[in-house]
Amino acid sequence: VQLQASGGGLVQAGGSLRLSCAASGRTSSSYGMGWFRQAPGKEREFVSYITWNGRHTLYVDSVKGRFTISRDNVKNTVYLQMNSLEPEDTAVYYCAAGRTATKTSGLYDYWGQGTQVTVSS
């Protein structure tokens, strides 16, 4: 499975961005998908995941109510809609695919290249 993340950019606090993660591969629609982020000088942290069928999602507390994860298995794409962005959301965002949707980064098998999100105050 190959993953291509896109949609990052520079936005003012309170603004919105939608990240996309396009997956290729015959079984990509059967994978759990996650979004992680890494800010400068910090460890990579879990942001959200969605199960292969889209029925279950999970968010880190700091983004609950502001971010929404979704997927379109016909397009083999996962989205992260980010609203009410805060400077603390500034990071490189990575998408990942694995057999199970989980908060644990080490359990994902495939990773995208990352897309930069910068939120100015």
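I began with one residue pair in this predicted model, and found that Ile69 has Leu80 in strand 8 as its bridge partner.

**Strands 7 and 8**

I then looked at how the two strands run, and noted that strand 7 and strand 8, the latter covering residues 77-82, pair in the antiparallel sense over 6 bridges.

**Thr115**

Next I turned to Thr115, which lies in strand 11, residues 115-120. Is Thr115 buried or exposed? I recorded a relative accessible area of 10% for Thr115, and because buried means under 20%, this residue counts as buried. Leaving aside residues up to four places away in sequence, I listed its contacts, among them Ala5, Leu19, Ala91 and Tyr93. Gly8 is another residue that Thr115 touches, and the side chain of Thr115 reaches the backbone nitrogen of Gly8 at 3.1 Å.

**The whole chain**

Finally I stepped back to the chain, which has 0 helices and 11 strands. I noted that 43% of its 121 residues count as buried. For 121 residues a compact globule would have a radius of gyration near 14 Å, and the 13 Å I found for the chain agrees with that. Of the contacts with a separation of 6 or more, 56% are between residues 24 or more positions apart.

Terms used. Residues numbered from 1 in each chain as written. Predicted model: local features only at pLDDT ≥ 70, side-chain atom pairs only at ≥ 80, totals over all residues. Heavy atoms only, no water. Pairing = 2+ DSSP bridges. Helix = DSSP H or I, 4+ residues; strand = E, 2+ residues; numbered from the N terminus. Buried < 20%, exposed > 50% of the residue type's maximum accessible area, 1.4 Å probe, protein only. Polar contact = N/O pair within 3.5 Å; in protein donor to acceptor, adjacent residues only side chain to side chain. Contact = heavy atoms within 4.5 Å. Rg over C-alpha atoms; globule rule 2.2 N^0.38 Å.
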